[in-house]
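Please read the points below alongside the model. They begin with one residue and its surroundings, then turn to the whole chain and to the confidence of the prediction.

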Amino acid sequence: MAAPALARALRGAGSGAGPWARGGPGGGRGRSGGGAAGPPAGAQLQARAHKERRQRRRQQRAQLGGAGAQGTGGRLGGGRGTGGDWERWRGAGAGRGVSRRVVACHGVSRRVAACRGPQAPAAPPKAWAPKAQLEYGGSLGPDGRKGVEEPLPPAYSPRYVEAAWYSWWERRGLFAPRPPAGGAERRLSLVLPPPNVTGSLHLGHALTVALQDALARWRRMQGWTVLWVPGTDHAGIATQAVVERWLWQRRGLRRQDLTRSEFLAEVWAWKQRHGDDILQQLRALGASLDWSRLAFTMDPGFSRAVAEAFARLHGAGLVYRERRLVNWSCALRSALADVEVERRALAGPTALRVPGCPQPVTFGVLVTFAYPVHGDEGLELPVATTRPETMLGDVAVAVHPGDPRYTHLHGRQLRHPFTGRLLPVVADPAVEPGRGTGAVKVTPGHSPPDLALARAHGLPLLSVIGDDGAMRPPDGGWLQGVHRFVARDKVVAALAERGLYRGSQDHATTLPLCSRSGDVVEYLLKSQWFLRCREMAQRAREAVTSGRLQLVPKFHEKNWKTWMDNAGDWCLSRQLWWGHRVPAYRVVAPAGAPEDEGPWAVGRSEAEARAAAARDLRCPPHAVQLQQDPDVLDTWFSSALFPFAALGWPDETPDLRRFYPTNVLETGSDLLFFWVARMVMLGQELTGQLPFSQVVLHSLVRDAHGRKMSKSLGNVIDPRDVIAGASLQELQDRLHRGILDPHELAIATEGQKRQFPHGIPECGTDALRMALCSHNVHGDDIRLDVGTVLSYRHFCNKLWNAVKFVLDALGPDFVPQPPEETEPQHPMDRWVLSRLAQAAAECERRMEAFELHGAVAAAHHFWLRSFCDVYLETAKPELRGEDAGRRAETRQTLLTCAELGLRLLAPFMPYVTEELWQRLPRARPPAPPSVCLAEYPRGQPLARWLCPQVEADVAVLLDVVRAARALRDVFRLGSARPPVAVRCPEPARGALGGPLGSALRALAQVGPLRLLPPGAGPGPGAGPGWVGAGAGPHAHVYLCLQGLVEPGAARSRLGSRQRSLQRRLEGLERAQASGRPPAQPQQQQQQVAALRAELAHLAQALEALGPPGEDPGVRAPPQDSGAPRAQ
């Protein structure tokens, strides 16, 4: 068709754009070209554009982030603004995955906008005005059940939805395992990793809870007997540190100002005040734990299990006491296990803050000084060290026997410059001549290699650093009581004053740090209790290599084997007051005997230990005086007993017989060696069985910037703040009520202001759980942004509106059939049930593989992309139709999708699915009392719904819809429904010409439909104003724009947009060609692809409008024989 013909056609009528239009026709402020359209038409276009903008603003102010703008949502792209408002508010780019869905029907421009990266506005936009919080005010049934007879509120409100359900679940006993029945029992038993009793759960803990609860609820819905045991850990070091800091800040007391019993009373009081906080957090997260079996690692029964384990291990010769070098935290004044020591590599001089030291300390420097040779003035032996302060504890200098530089000094003695002690020069092949000066100072009291060397040569053992990190040389002197790192500079200065300092140089080193306090770990000689781990570790290694114990994901097996091959003995003693006191008793020595000479007796009680000591000493028990070891056991020792001690071990309880060993453990990968390995070792040693057969390990949760969650950074988020929302002031007030020191508090306060400048929006429990479970937790660390959670809150609103629509469509007189028995005939009904069957099979497969993110994606995709975006829109005209049979079939299909779809989501979103599921009509009694016990959909029984041909036909339909919607978006047609012509191959052509034709018109928002033969266009007889675009690989779609577009303004707007996008594309292509790796390569590729796709759409539109020199119009496509067939 000639372009001038379209000019008249396009100027014939306005578009009447509706709320989905982006605005009036582009350019609308100037005069339109072509001469025929005068100022009145231009004024109408401007007025329409202004009216549309006002309508959009009103709609945005009435919504929370744009969710649910179309009720049940109903456009192919899933509605606007899902997650975008938080993205604009915070500037963190959250919710992009949902924004990209809009592209299918609204063009590519929004996808490009979603990829532009973070932009931080100064204030939250008006579109993010929080909704009024709706509280549930209805009555409860006699059993505490929430009333569901009243109509659903108009919009989703987390507070309304989550009210009363959890207490009803508990009251009905839904979380307790069902009573044992005859026959084989499908059983799932697992334990919650016990959090620190005085701590508070953060989003990392919430991930563990969400994953475990999803597994427990899923198995419960499959008819399994499920026991999920809750518990809390006494957390010796962490709890004592918290209480000590609180006593100092609030009462000015140190632990040493109190007796042990007084301090323990303070800790128990703290536990009573704060211990229930974690339990309330777990309930808020919807965790379906069996609270009747709640365990605390300091409960009397658990304490008895700890004493029993220690006594059995001691009796087996695995627990022993020895004076050895231990990892010592001077800040905590306690020994540490090897796994509690973090080793930080330093490339050279590095200044670090050390607890208790007044100024930063520089590490990574090698200092060289000389020892004068005794009896030979002028002769010296230089040594190099990174710890010059420990030279006060030197007992010798070692050289390699074959080093020619020092053979003349073999057997000579050196004079200590400060103490005057004589130090022998010893020859040892362990010395490396090429390192440092080739001479090694021997400090056995503070170095494991030096201790081995000293024992080999019969050298004395000397310690010069005290438990508090201050210098404590045996003979006192000028450094007595000086902090060890302050003493370092003093020692170097004194050596220089005596002419013995020989210089320093940069030196790469590895610094041992306490993982709990950040203090530099010292090696101190201590008599402690140790557990031999070599044999237990080898059995644990074999459990994995044989397949009896599965680690998921499998790549953890390599680290497991390496750790077990190198497992050393475990130091069990901790110099604390809070914890399980070591059940070992020293026999008090007679008066005048050395303090350490009394033997030790181990017993489950003091009486048992006294009887054992009496047998060993061959004396009556009343003659034995005992003194219990003041130390406590490592917290991880009691935690390692949790899977069986929580079930009643060492007694042979019914729970232990029925539920031990447990099936699976789900926990963070950072606990693989702290906790998992020790449970496996002690479980096999003490019970003869593995405590579980599968270990599922998830990645660490970090903040949106990739930083580890830390209170001192201000990025630790209480899950309840995400569930209920919190203003910045509330977050700051809570931070200031804590016990951070002033320096940490200042950093944390500033961090909170940067990360949450406008607080945290209310998202609800279901949204938080979905966001957590949506990540692939078996890969890289998880960067969780609150914006992601907010996008799932919008999904809850979408779900709410969809089921609300279903309930309205069913009406009060609808008689349902069992969902699984639905047998529809209409192609769209068959298509949506085919998609539902696929989603059920995918959820089942993914859950069995512990890939919960895949199950979340499958259920989420069905609800959004298949049910809400497509089927609901096609069902609306069917429900308004006059065919009663068709209406009934549509209603049954709606109920089937809602019923089974809610069951698919129930393990992840327990509250909203319960609220909605309870309101759906039931086919026949007796129905399960709760969706928690409803059967989880399985793929095999639903496989009869699979319809590959129908899915192929609907796939062509959706390609056509996307192309038509893209054309609508490019030309800004608003609510107008232009005629459409479609060219596609058989058999889809026959389907579109039949029952799928109404679906196409509803989804594409078009008017009359014409089907074209292969190779044909609309043709001259079809009228003016047609514009076309490709729809998938084999189809083409044409829209008639007659009277809907002002061509001159459209050409100007599209050309301007084309030039802008082309400049952005060229900039990205230049960046790719530069060879510099982008910060986010995947995001850059998405931007390039999106820009190219939109430029292709714009090029098609501009070609259809014709060149500027012509009278504006839309060019007709190439003509072929065959006339359009009217539908």
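1. In this predicted model, Asp-655 is part of helix 20, which covers residues 654–659. If neighbours within four places in sequence are set aside, the residues in contact with Asp-655 are Arg-293, Leu-647 and Tyr-660.

2. Turning to the chain as a whole, the secondary structure of the protein chain consists of 35 helices and 34 strands. Among contacts between residues at least 6 apart in sequence, 78% join residues that are at least 24 apart.

3. As for burial and surface, 56% of the 1127 residues in the protein chain are buried. The accessible surface of the protein chain amounts to about 45500 Å², and carbon and sulfur atoms account for 51% of this area.

4. Confidence calls for some care: the mean pLDDT of the protein chain is 84, and 84% of the residues score at least 70. The lowest confidence is found in helix 5 (residues 103–106), with a mean of 29, whereas the highest is found in helix 30 (residues 910–917), at 98.

5. Where pLDDT is low, the predicted coordinates should not be read in detail.

Terms used. Residues are numbered from 1 along each chain as its sequence is written. This is a predicted model: local features need pLDDT of at least 70, side-chain atom pairs count only at pLDDT 80 or more; totals for chains, interfaces and linings use all residues. Side-chain values use heavy atoms; hydrogens and water are left out. Helices (H or I, at least four residues) and strands (E, at least two) are DSSP runs, numbered from the N terminus. Buried means under 20% relative accessible area, exposed over 50%, partly exposed in between (1.4 Å probe, protein chains only). Contact means heavy atoms within 4.5 Å. Accessible areas come from the Shrake-Rupley method with a 1.4 Å probe; for residues, only the protein chains shown count as cover. pLDDT is the predictor's confidence in each residue, from 0 to 100.
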